[in-house]
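Please keep the sequence and the 3D view at hand while reading.

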Amino acid sequence: MEKESGYTWKLGMFVSVGLLLFIMAIYFIGKQKNLFGQTFHISSKFKTVSGLEVGNNVRFSGINIGTVEEIRIINDSSVIVSMVIKDEIRKFIKTDARASIGSDGLMGDKVLTISPGPKSTKIIEDNGAIASIDGIEMNDIMKSVKKSVDNVGVISEELAIFSQSMNNGNGALARLVRDDKMANSVSNTLSNLESGTKGFSENMEAAKSNFLFRGYFKKKEKEKEKKQEELKDKKEEQQEKEVKEKAAKEKEEKAKEEKAKEEKEKQEKQKAEDAKKEPEKKQ
Amino acid sequence: MILSLKNTFSQIGSATLFASRFFKEIIMPPYETKEFLKQCYAIGYKSFPLVAITGFIMGLVLTIQSRPTLVTFGAESWLPGMVALSLIREIAPVITALICAGKISSGIGAELGSMKVTEQIDAMEVSAINPYKYLVVTRILACTLMVPILVFFADAIGILGGYAGINIHGDVNFRRYLTQIIQSLEFLDVIPATIKTFFFGFFIGMIGCFKGFNASNGTESVGKAANSAVVTASLSIFIIDMVAVQITDLFF
């Protein structure tokens, strides 16, 4: 025999380190699967588990806290999922927590998520049950997608009809877009309108100087001055602002008035034109 | 043709008898503990550097090679898990077994072959030492037990190699790397692969011993025994691997 001590310690070291590696691997994988350490069980009833499998992760606040231990079907519309969860998490899960099934990433595994309830402060018991929220099924998504696609179809059909009539029809809008004559007449109308409103504002000025209306306008100015005096007590900045706002408001009101008038006139003109056209068409 | 076929079958038959004799002899005393430890040292410890280097390179190369494919899928973060999974499930056991087939099987074949040719085995038998017990049982047992341990080392060092490979292109914390690996592993990945390695070890030792023990007379046959030991052992490793994977697939 050769001298023993030369190789036996090397062999011993070799074997023990190798076995240690193996045991470590087993331990860490087991720890990952919650085989060691304190755990507790809870269960939840679902209508469908949408592909959840035994061994899938259970998440609470985004942290993996356990795994799905068993999936058992109890009747045609309910499945009981029981999960094993680290005991140190138990104090955070209250009796009104709810479980839902989601997926992890685009093509990832299913994940069971436990979300905290609104108010309960009672910690859940071992083997307790929590409520579930039905997850969004692919079917539901497809249904809503189909609905909106159908709507889009209707809209695009109508859009097609609209643009068809725009391009080929003889309606007012179509002619406005295509016909030069029409465009010219519209621009003429607009210029007429402008001169019309000028005349109107002159009329208004005249009305102001008229003795019948003078009193009214003077009253108005006095009120304004009063208001301004009141405002002067306040800060100057505010004053300025409010004055500006007032001015803007007045402008807007004027613009509104003008617009209303324009529209009226337009309508009238349109009517007149239509009236003209009708005989043309008849001809 | 028929003769060679018959020859092959008779080889397989005698190998089976040889293996069954191993199980008979291993139970019966006396036990050659010292020789067994010596063989463990020669087979396990002495093969360690070779296995370590191969394991490291396999991990490194596997990481670098599979990286581009995963990057195209945007799944670069799966790289540690994938490398560890393929190392532990398949690559480390098979590569380690092949290296052991090359190193150990040929060594045993040549050693026993030359002993047989120089009639040392016969001399042992004359001096009332059971040569099968002293030479064969110790070696096969040492092989069966040492190859799995070598595979554990190859796994660990391969994972280190993978870490080196990942850090060529990116910067991953070692702890994070290990967490990712452990997350992607299950017992189903580790246990069947480990059981498989016992069979690898057994067949490596058994084939080496069988070829050496049955070497016919003449120096030439020593080389032949060593050669055919390596070839048969390597082939049998792949066959066992296939069977093992199918069985694992069947049950889980």
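Two strands are said to pair if DSSP finds at least two bridges between them. With that in mind, and remembering that this is a predicted model, we can turn to chain A, where 7 strands close into a barrel in the order β1-β4-β3-β2-β6-β5-β7, with mixed pairing. From one strand to the next, the twist averages 40 degrees.

**Strand pairs in chain A**

| Strands | Sense | Bridges |
|---|---|---|
| β5(A) (residues 98-103) and β6(A) (residues 110-115) | antiparallel | 6 bridges |
| β5(A) and β7(A) (residues 128-133) | parallel | 3 bridges |
| β2(A) (residues 57-60) and β6(A) | parallel | 3 bridges |

In the antiparallel pair, Gly102(A) stands opposite Val111(A) of β6(A), while on the side of β7(A) the bridge partner of Ser100(A) is Ile133(A).

**The helices of chain B**

Chain B is built in another way, for it has 9 helices and 0 strands, and 43% of its 252 residues count as buried. Among the contacts in chain B with a separation of 6 or more, 88% are between residues 24 or more positions apart.

One helix that can be followed from end to end is α9(B), which has 32 residues and reaches 46 Å from its first C-alpha to its last, close to the 46 Å expected at 1.5 Å a residue. Its buried residues include Val222(B), Ala225(B), Ala226(B), Ala229(B), Val230(B) and Ala233(B). An α-helix has 3.6 residues a turn, so residues three or four places apart point the same way. What covers the buried residues of α9(B) includes α4 and α8 of chain B.

**Nonpolar cores**

The largest nonpolar core has 73 residues, of which Leu87(B), Val147(B), Leu150(B) and Ile204(B) touch the most other members. The elements that give two or more residues to this core include α1 (5-32) of chain A as well as α3 (48-72), α4 (79-117) and α6 (131-169) of chain B, and α6(B) gives the most, with 20 residues. Another core lies apart from this one and has 18 residues, among them Phe46(A), Val58(A), Met83(A) and Ile85(A).

**Where the chains meet**

The contact between the chains takes 16 residues from chain A and 17 residues from chain B. On the side of chain A that touches chain B, the residues divide into 12 nonpolar, 3 polar and 1 charged.

Is Phe14(A) buried or exposed? Phe14(A), found in helix α1 of chain A, counts as buried because it has 22 C-beta neighbours inside 10 Å, and the cut-off for a buried residue is 20 or more. Not counting residues up to four places away in sequence, Phe14(A) touches Gly44(B), Tyr45(B) and Phe48(B).

Methods:
Residues are numbered from 1 along each chain as its sequence is written. Chains are lettered from A and ligands numbered from 1 in the order in which they are written. This is a predicted model: local features need pLDDT of at least 70, side-chain atom pairs count only at pLDDT 80 or more; totals for chains, interfaces and linings use all residues. Two residues are in contact if their C-beta atoms, placed from the backbone, lie within 7 Å. Ala, Val, Leu, Ile, Met, Phe, Trp, Tyr, Cys and Pro count as nonpolar, Asp, Glu, Lys and Arg as charged, and the others, Gly among them, as polar. A nonpolar core is a set of buried Ala, Val, Leu, Ile, Met, Phe, Trp, Tyr and Cys residues joined through C-beta atoms within 7 Å. A residue is buried if 20 or more other C-beta atoms lie within 10 Å of its own, exposed if 12 or fewer, and partly exposed in between; C-beta atoms are placed from the backbone. Helices (H or I, at least four residues) and strands (E, at least two) are DSSP runs, numbered from the N terminus. The expected span of a helix is 1.5 Å times one less than its number of residues. Axes are lines fitted to C-alpha atoms, for helices over the stretch in contact, and angles run from 0 to 180 degrees between N-to-C directions.
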